[in-house]
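Subject: The structure I promised you

Hi,

Here is the structure I said I would pass on. Have a look at it first, and then read my notes below.

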Amino acid sequence: MFLKRTLPLLIVFLLGLAMIIQFYIPHPVSQNFYDSMAEWVRISGAFALILGLSSFFYVHTRKLARKNKDSFYSGVAILCLIGMAGIGIFGRGGINGWLFSNLYRSIIVPLDATMFSLLSFYIASAAFKAFKARNAMAFALLVTAIIVMLGRVSFGSFLDGIVEWILVYPNTAAQRGIILGIGLGMIATSLKIILGIERSYLGGGD
Amino acid sequence: MQLSTSIWVWIAAFLTLTIYSFLYKDNPLYRFAEHVFVGASVGWSIAIVWHMTAIPYIGIPLRDAFVQRNWPGLIYVAIPTLLGCLYFFRFFPKQSWLARWPIALMMGYYCGISISPSIETNIFTQVQGTILTGFNPTSLSSWWALLLLIGVVSTLFYFFFSLKHEGIVGKTSRLGIWFVMIAFGASFGYTVMARVSLLIGRIQFLLHDWLGILK
Amino acid sequence: MKFWLFMDKLDRRWLFLAIGLSVIIPSITNMRFPVTTTPPTLNLWNFVDSLKYTKKPLIIICDYSPSTSPELQPMAHALFRHALEADIPVFLYGGLYTEGFGLARIAEETVLEEIDYQKANGDSVIYGEDYVFLPFVPGGLAVIAGMGEDFIGTFRVDARGDSLKNLPMMDNVRRLEDIGLIVDIAGSAVSRTWMVYAGTRYGTPVGVGTTAVSAAEYYTFLQTRQFVGMMGGMKGAAEYEELNASNLNIEVRKQAGIAMASQNFVHLLIIFMVILGNISFFVLKRNKERRL
Amino acid sequence: MIFKKFIPAVILVFLGSLPLSGSAVCVQDVPDDDGSALIVSWEPPGDILGFFMYKIYRKDSLEGEFVQVGKSSKMENCFFVDKDPRFPLNSGMNVVYRIVALDEEENEIREIGVSEQFSPSHSYFNSTKKNTVVAVIFVFTALITFLNLAKKDKNLFIRKIAGLDALDEAVGRATEMGRSVLYVPGLSTMDDIATVASINILGPVAKKVAEYETKILVPNRDPIVYTITHEVVKEAYLEAGRPDAFQEDQVFFVSQNQFAFVAAVNGIMMREKPATNLYLGMFWAESLLLAETGNATGAVQIAGTDSVTQLPFFVTSCDYTLIGEELYAASAYLSRDPVLVGTIKAQDVEKAILLILLVLLSVLAILNFNFFRSESFLRFIMSFFGT
């Protein structure tokens, strides 16, 4: 019981408290503590990737075994993973090798950029579907969005003053209000975890 | 017009088009690209973690400490390594609770370091920027600063959870939602340009680098 | 009525098609819209142009990553071209992060090819005399501090590996004070770092080129003159190109100008669709009420 | 940062200390640091012409040699902050500085002086963070006080949060349609507290799903988050009395690449057509990619994030959105656990105090500005939040 539940909670409590206090102490010992903890978290975190991998292989090998139309795609995913990792680890030049960097540049980079660019289509469809003046507030949202958008086009410069005003005053005001709330919420959640009030991250059981 | 002769450009162009085909509907080509993307990106992170974390932070220090018989140094690296290995107990249902230790290390660390900076950036800086430092009724900017203060105060009212949103509280928090809506409209509007730029970038790749239509 | 029903139920794929076309067509047809210049861009252009009298060099910093390059790359091109045409010594620099180096190189190649290694006055562009390409040096903030105290010592060599000391352009450059203007082109907050360290600390004027999203935050710094000028987003780049074209009489393909045409089309399309959508929303609503 | 901290310190020390020193070169410790920085200041030589800058030399031990640690490029700049990782300083070292004036060609013209021996010292408390300490202690006490109050008073009120009320209905809908529920716990790692908040919501949601005998899909971007969500969902099925219904591949790791993750989740939405999509946690640009694809499949969508830049997109394309702090209040709202509800009350009290401070200080500042016009009073007000 102690090892299963109390010890983890104790680690969280003590380390959490230590990290809070550390922030105020510029002494080299405290700085070293901070650096070592950062390194420890980094090192132990690296192992979690192996768990992620086991999940990946679990999902995709099961699909492969089912031998239906999903199998082909799962096979592709597994092959790509092994190929990319293999070339990066065992290939000549490692991650700076010719093949690895070309694969990165012509597979991952374009896929990344293209997925990202889908946003320009979705931002249009979201605006079209959602910007309906159902009530006064929705109307306010719609009108501000249109004004700001018009201010962005070549001949919309006459709107620059008002666009800037919207961004600097009402926009900042609302964002500040939200950020203040978030700050309080974040601090409370962190404290709840340090104090062991919120412990769902440990999973249940004893 | 000059088609690209590089195989890499062709691969990139093919993958770009398959992703765009998703806009029409889900199809085998998109599915293929999606699985390539997932597989290759995980493979990429493995190689990166291997070269950037496993070797320099675990492998080399452990080896050096062992060779130099630097036992404290060895223990210093061994503790997080062993803690990390505890994650593997997830595979054994009976001992899976051991994986809670590295999780506890991480939770304690992250929750602890987040508190003080978030008081500074989320609270102090925001409040500091909002308090009026003076008020001159003849100056327009003073009135705008007052508007800013009203906006922040009323938005905060929206986040009172333990008060009924009726009467004065209700009215103030409704005013807050007005500010929030205007802010959301503005953010939405001014993001469009950045997003369209991304699309322009891809189109330029297709038309220039691949097809060679554009100069 | 049918039309409004169609609008209300419009399949989003039609919209996708329209967006795609409004980006592709302007790019292929080299379409251009009239561009009105705004004060931040004009101030920047004038400041750069004034350097031709002092002959103090300009530093163009490409501090961005490929993901924001569609918006920011044209700025680097326009600035570099302006400096070369107006006979202002210019440094191309990839900034404090590794990613910018490659993008700065693209700017160098594109512009030199476009002007065919010739300045407006007929002289040919000479490396080391007209411009110098600076290498990437690690160190972050320390690099700015280094440039502030000892410019040549910080870089030692140029991007080609030649010693900086031997380049004629370096004769009058010892530290940041000797630089006429730094223009940092970035999609992140790096520009502020340059403003604080290079601008406030060493007194070198700093200008900025940034994405449309970040531009909003920088107006305050323009008011306080901490930035001498700004190109905001693709629109800012297009304005700069336009200023180049009208004041220096150079006719080249206006990258941002064309991209701006796409931007205009998409923005107007979205606004138009939103308005149509709302009309159909109200028409249908009234129709429903009438039937009840 | 260095700049912000040092320059005021430099100016203070510089102004306050010059007359005190016997030597022409004066060394001062930078306060509130770990002893890795010193400030050197000197009096400019009044009598010679043609000097343009200074070189700063340092000797780290009595028998050591002077090494150049820096240069000050203006003749007016008669101070230098020595903090350079190439020439590290530690508390306990005994250092001596030597300043030399240079001409335009950087030739050494004349020595300005040599400092007395000095040893940098480190502090045990960063006094510039006093306000933060007070705030942390206050938040801590408020939380604990209200926890204890909450234990006594079981019926603390919480206002309606529409997005959370809709959760039940949304899960019910999935059950009716015989389709699954998709839960995206954000794309960030555990260092974002939003992820932690999301995991706190996942427990009750997964339990409800298990009770309704529906399937929940949880794709993860971060492997550590994956290990935790896996445990949480498994546990929820156990609590609901249906441990056999939990399948290992319901909670899975996708990829650490942001857009690869999105590509896969979009694929899942199109193929499995979940009836309910929940996006709770930290999101970046992908927010709209996910929400619009979900929209196209006709799912009911509830989002919640503290990412201010992404909120507009969720608000426009989801049925319900938890805005900022509502996400953090969710676990208390769903569980109605009096202890957790007590913490919400504590947050409200903190908020009230912030509001009072904001308004009160503004009023005071206005009064001061218009009636008293005292600079020091204004500074006093600003010092409340002085960072």
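Before the contact counts, one cut-off: two residues are in contact here if their C-beta atoms, placed from the backbone, lie within 7 Å. Also bear in mind that this is a predicted model. Its scores are ipTM 0.92 and pTM 0.90.

**Chains A and B**

By that cut-off, 92 residues of chain B touch 90 residues of chain A. On the chain B side, six helices each put in at least two residues: helix 1 (7–21), helix 2 (28–67), helix 3 (71–85), helix 4 (100–130), helix 5 (140–158) and helix 6 (167–210). As for what that side of chain B is made of, there are 63 nonpolar and 24 polar residues, and five charged ones.

**Chains A and C**

Here the contact draws on 24 residues from chain A and 27 residues from chain C. Looking at the chain A side, the elements that give two or more residues are helix 4 (98–130), helix 5 (136–152) and helix 6 (160–194). Helix 4 of chain A has the largest share of that side, with eight residues. By class, the chain A side splits into 16 nonpolar, four polar and four charged residues.

One backbone detail in chain A while you are there: A:Lys67 has a phi near 55°, which is positive although the residue is not glycine. You'll find A:Lys67 in the loop that runs between helix 2 (28–66) and helix 3 (69–90) of chain A. Is A:Lys67 buried or exposed? A:Lys67 counts as exposed, because it has 9 C-beta neighbours inside 10 Å and the cut-off for exposed is 12 or fewer.

**Chain C**

Chain C has 11 helices and six strands, and its C-alpha atoms fill a box of roughly 85 × 40 × 30 Å along the principal axes. Of its 292 residues, 48% are buried. If you take the contacts in chain C with a separation of 6 or more, 71% of them are between residues 24 or more positions apart.

Where they touch, domain 1 of chain C contributes five residues and domain 2 of chain C eight residues. The domain 1 side of that contact has three nonpolar and two polar residues, with no charged residues.

**Chain D**

For chain D the assignment gives three domains: domain 1 (2–114), domain 2 (127–142 + 340–383) and domain 3 (156–336). Between the C-alpha centres of domain 1 and domain 3 of chain D the distance is 58 Å.

Confidence deserves a word here. The average pLDDT of chain D is 86, and 88% of the residues score at least 70. Which elements sit at the two ends of that scale in chain D? Helix 1 (residues 2–17) is lowest, at a mean of 48, and strand 8 (residues 181–184) is highest, at 98. Residues 1–6 of chain D have a pLDDT below 50, and that stretch makes four contacts in the model beyond near neighbours in sequence. Residues 14–21 of chain D also stay under 50, with seven contacts beyond four places in sequence. Where pLDDT is low, the predicted coordinates should not be read in detail.

Chain D also holds an open sheet of six strands in the order 10-9-8-11-12-13, with parallel pairing. Strand 10 (251–253) and strand 13 (320–323) of chain D are at the edges with a single partner strand each, so one side of each has no neighbour in the sheet. From one strand to the next, the twist averages 15°. Strand 9 (residues 216–220) of chain D pairs with strand 10 of chain D in the parallel sense, over three bridges. D:Pro219 stands opposite D:Phe252 in strand 10 of chain D.

Finally, chain D has a positive phi of its own to check: D:Glu213, not a glycine, is near 60°. D:Glu213 lies in the loop between helix 4 (193–211) and strand 9 of chain D. With 10 other C-beta atoms within 10 Å, D:Glu213 is exposed.

Cheers

Technical notes: Residues are numbered from 1 along each chain as its sequence is written. Chains are lettered from A and ligands numbered from 1 in the order in which they are written. This is a predicted model: local features need pLDDT of at least 70, side-chain atom pairs count only at pLDDT 80 or more; totals for chains, interfaces and linings use all residues. Ala, Val, Leu, Ile, Met, Phe, Trp, Tyr, Cys and Pro count as nonpolar, Asp, Glu, Lys and Arg as charged, and the others, Gly among them, as polar. Helices (H or I, at least four residues) and strands (E, at least two) are DSSP runs, numbered from the N terminus. pLDDT is the predictor's confidence in each residue, from 0 to 100. Domain bounds come from an automatic or database domain assignment. Two strands pair if DSSP finds at least two bridges between them. Axes are lines fitted to C-alpha atoms, for helices over the stretch in contact, and angles run from 0 to 180 degrees between N-to-C directions. A residue is buried if 20 or more other C-beta atoms lie within 10 Å of its own, exposed if 12 or fewer, and partly exposed in between; C-beta atoms are placed from the backbone.
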